[in-house]
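Hi,

Here is the structure I said I would pass on. Have a look at it first, then read my notes below.

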Amino acid sequence: MDQVSILPEAGPNPAFPLIPHNFLALPQEHSSKEASQAVLIPVPYDSTTSFRSGSREGPEAMITASYGLEDYDFELELDVSEIGIHTTGAIEPHMAGPGPMTERIRGVLAEYIAEGKIVGLLGGEHSITIGSVQAHKKAHPNLSVLYLDAHADMRDEYMGTQFGHASAARRAYESCPIALAGVRSMCKEEHDFIRENNIPVWYWNPNSYESSPESIIGSLSDAVYVSVDLDVLDPALMSAVGTPEPGGMDWHQLVSLLAKVAESRRIVGFDVCELAPADGPPACSYTAAKLVYKLVAYACSNGKPTS
Ligand SMILES: [Mn+2]
């Protein structure tokens, strides 16, 4: 009976600190839905992954890694925790296939977008982008998509589905204009489709990655959805992805592009996909979490210091 008496009472008790299980481990006043400008939705789904699976573990790894991030972003002179970031429960995978999963994602997001929240998805494989873009397009008719990926993801169909990871950019393009950056691998069908439709692509090869991002940003409308496949980064710093492609972006190239987008456009939603934590060192989960943090900050500021 004596043991029972030393248990903490229900509710916050400074003598028994508990880590809140949400992105950045924020207290209630900075993480309730009501107090938050941004909502992060974990989507632990990797049913159509074709090479190495494991991105279903991505959302949880990003949340846990985020506990180590500094709340204050000195580049933006912004305390990111004060934006208010609400982390929801995970969307349950729909095992009838990626088509029904797309519908489910679209339905879950619609509620938060209608409330004016900045919604970010924690993936999960890249097919989760399709339902998210569709939901954002409904709220922002002038939406465009900045698609950051080593791969074009422009196949009309792959392995019997039109809603898999290899078709995510193609389906997004059917909803709204799209621009691709960081691309360094595609099949002939995709290359032909991109050329026939004059889709803006910043190819990531030695002839182009020193050039400026202005043409890509210039092709985007005012309301931008940012979709990141972490394989856009070089495998030297991001090996924990299903399909690593050599010769990718470094951290500063990626983040400075996003900052430039935020300076002249509104980032209205985003996703960070394809983290398969078991395929790489813990630094990969930390890098993914920092990217989510940067996207929240850019979406809720103009990419410049606030003071
Ligand atoms: Mn990819």
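Some ground rules before you go on. This is a predicted model, where local features need pLDDT of at least 70, side-chain atom pairs count only at pLDDT 80 or more, and totals for chains, interfaces and linings use all residues. Residues are numbered from 1 along each chain as its sequence is written. As for my terms, "buried" means that 20 or more other C-beta atoms lie within 10 Å of a residue's own, "exposed" means 12 or fewer, and "partly exposed" is in between, with C-beta atoms placed from the backbone. Two residues are "in contact" if their C-beta atoms, placed from the backbone, lie within 7 Å. Helices (H or I, at least four residues) and strands (E, at least two) are DSSP runs, numbered from the N terminus.

Now the whole protein. It has ten helices and ten strands. Its radius of gyration is 19 Å, close to the 19 Å that the globule rule gives for 307 residues, so it is as compact as a globular protein of that length. (That radius is taken over C-alpha atoms, and the rule is 2.2 Å times the number of residues to the power 0.38.) Buried residues make up 51% of the 307.

What about the inside? The largest nonpolar core has 92 residues, and L146, L180, L230, V292, L295 and V296 have the most contacts inside it. Helix α10 (residues 282–299) gives the most to this core, with eleven residues. A nonpolar core here is a set of buried Ala, Val, Leu, Ile, Met, Phe, Trp, Tyr and Cys residues joined through C-beta atoms within 7 Å. Leaving aside neighbours within four places in sequence, L180 is in contact with residues including Y147, A169, I199 and W202.

A169 takes us to another helix, as it is one of the buried residues of α6. Helix α6 (residues 168–175) is mostly covered, with six of its eight residues buried. The cover includes α5 (128–139), β6 (143–148) and β7 (178–183).

Most residues other than glycine have a negative phi, and most peptide bonds are trans. L24 is not a glycine, yet it has a positive phi of about 75°. L24 is in the loop between α1 (2–5) and α2, and it is buried, with 25 other C-beta atoms within 10 Å. D153, not a glycine either, has a positive phi of about 50°, and it lies in the loop between β6 and α6. Which residues does a cis peptide bond join? They are G123 and G124, with omega about 10°.

Cheers
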